[in-house]
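Thanks for coming. I will go through one structure this morning and keep to its contacts.

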Amino acid sequence: MSKKLVLMMAASACALTLATAPGAQAAGELKIYNWFDYIPQDLLDKFAKEHDVKVTMDTYASNEDLLARLKAGVTGYDVAVPGEYMVAIMLQEGLLEKVEPNRLENFKNVREDMLGVYWDPNREYSIPYQWGSTAFMVDTAVYGGDINTWKVIFDPPAELKGKINMLKEVNEVLNAGLRYLGHPRCNENPEQLKELNDLLIEAKANWLSFNSDGAKEVLVTGDAAAGQIYNGFGMRAREERATLKYAYPKEGYTGWSDNIVVIKGAPNVENAKLFMNFMMDPENAAALTNFARYSAGIKGVEPFLDKALVEAPEVNPPADAPAAEFVPPCPENVVLLYDKIWTNLLK
Amino acid sequence: MAVPLPAGSQQETAAGLSGRDRLLLLAPALLMITVFLILPLGFILVYSFLTKGTYGGVIWEFSTAAYEQFLFERDLFTDELVFHASYLQIYGRSIVQALVATTASLIIGFPTAYYIATRPPSQRNMWVFLITVPYWVNLLIRTVSMLFIVRDEGPLNTALMATGLIDQPIRIAYTDFAIGLGLVYSYLPFMVLPIYAAIERFDFRLLEAGHDLYADRWTILRQIVIPLTRPGIVAGCLLVFIPSLGSFIAPDLLGGGKNLMIGNTIALQFQSSRNWPFGSAAAIILLTLVLIVLVIFARRAQQAAVASGR
């Protein structure tokens, strides 16, 4: 992906860094490494003030970016916000500090369904940040038919041909195809992958573009009339173009769950733990949710949430929709096969 | 770089400086090049011959798998090494795209440079200044702005439709044409400036001499102007071709990211593909291609210089 707007984000992150420094001499520091556009400045200021800590933040654009930079030996960060499968990988790679957030005061606020998760069963390394789903949106002014199926993307009706944007993320695109075909994820079955390969190449003729950070923009401007998107990002798109509708495809869709973790060798472990505790406070979790527009993994946020957010169709799946599927990291040979199919698709 | 610059002043600058002074003056540049260019390139070269780690990074075992992957793949069924052209196709597309951008820049840039160089000296600086104005804005922002202009519901299509010239928006955004447009727009000044520098030094009395000898304008251009400004043209072409070859902002934003270019392919290896050795190998192959082009041009320029007795 496509990580271009990120350069702009990086610039704004530098501005943040300057703005966050409180006037008085801070007792300590906290260096956050977060996704772009994923936390409100007010919240950082509030934390800085409450704990007299100087907060700085840099941003990245994908889980893979985060991993690549940490593997390349970038140090100095205290906390990061990896997705669930990336927590699993980082744990395996020994990149996380065992800070036992389950002993923190506010840990009692964590939702039950965010405990016992596969990537950190006892929550000894991570706490929930935001969670949501990845499916797609369709402009109902362009196409009025049933949108709750991947058929809209892989075998589109005439109205949508040439007006579809895909995320530039190998796993999202390939998993969507596998769901449409009814084949399992993390697949290494040659016949099924062949079928997937053929499906993607045929479908690509009907697609407009592959764009992740522009996934909202391309829908809002009307360049695309359908596009893969994360649900909260989709909500922000709908607020700018009311005819966009988030689909809950019957074949299934991806669920994801971002986490706050402490990086191995973090210089300010105690402040990082304070930050974890701070972010598990319902009011703060709600402030984050109101900004990011996904869902909190914390109980008791409802009184502080925007009304529009509580009722938004993007975070409230209809009763007949399947549950979002969390896909664990695939084994190395599958990553290689996926890479081949992806390169072949985009060559 | 081996770009033949139209200067003949080396002798004067070297004169009067002892070897030690010269070394001291060179030291900062040499240090920068060693630390920030030679050293990282060395890393890339070494990494390209190592084994990939499961989640990125490398394992310190010698391997040529990365270079093998460029041309061959293991068959899904039989595990045999078979030739495949995916990466060659990507490199081929990038080269064609860069050549098209270079040609278009030359066609636009040469007359522009000629125009500027033939203005009165007092005006020339203003023209050169105007050429560089777009560079005050970040490349990313310029590329995004272009996308806004050419998109289906953007001002260009809206205006054309309002005049009644077209009744359907022309699809420009997310096409190869848009990529070319973006590349030309980004790198045009790199073409104009060296050519301008060359034409500015051109002795225009030679044009009069040509006319006196009954040469028509086309002949004068071919036989006099182009040969004498060739170093500037070559420099301009290289300065456009090389960054176009490795560009990935324009293909990703304007082309919609539907087709990989060399730059995206390399970036991908360090992200979701988690194959650092292959990313390094792909970068080394690109570097080699660029070096070959440079060497060919440098040789040519040398031969031309010898042939014309300079």
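A word on terms before anything else: two residues are in contact if their C-beta atoms, placed from the backbone, lie within 7 Å. Please also keep in mind that this is a predicted model.

I will start inside chain A.

How many residues of domain 1 of chain A are in contact with domain 2 of chain A? There are 16, and they meet 13 residues of domain 2 of chain A. On the domain 1 side, the elements of chain A that give two or more residues are α1, α4 (84-92), β4 (126-139) and β9 (254-262).

Now to the contact between the chains. Chain A puts in 32 residues and chain B 29 residues. On the chain A side, two or more residues come from each of α1 (5-20), α3 (63-71), α7 (190-204), β6 (209-210) and α13 (332-346). Which element gives the most to that side? That is α13(A), with seven residues. As for class, the side of chain A that touches chain B has twelve nonpolar, eight polar and twelve charged residues.

One element to look at again is α1 of chain A. It is listed on the side that touches chain B, and also on the side of domain 1 that touches domain 2.

Conventions:
Residues are numbered from 1 along each chain as its sequence is written. Chains are lettered from A and ligands numbered from 1 in the order in which they are written. This is a predicted model: local features need pLDDT of at least 70, side-chain atom pairs count only at pLDDT 80 or more; totals for chains, interfaces and linings use all residues. Helices (H or I, at least four residues) and strands (E, at least two) are DSSP runs, numbered from the N terminus. Ala, Val, Leu, Ile, Met, Phe, Trp, Tyr, Cys and Pro count as nonpolar, Asp, Glu, Lys and Arg as charged, and the others, Gly among them, as polar.
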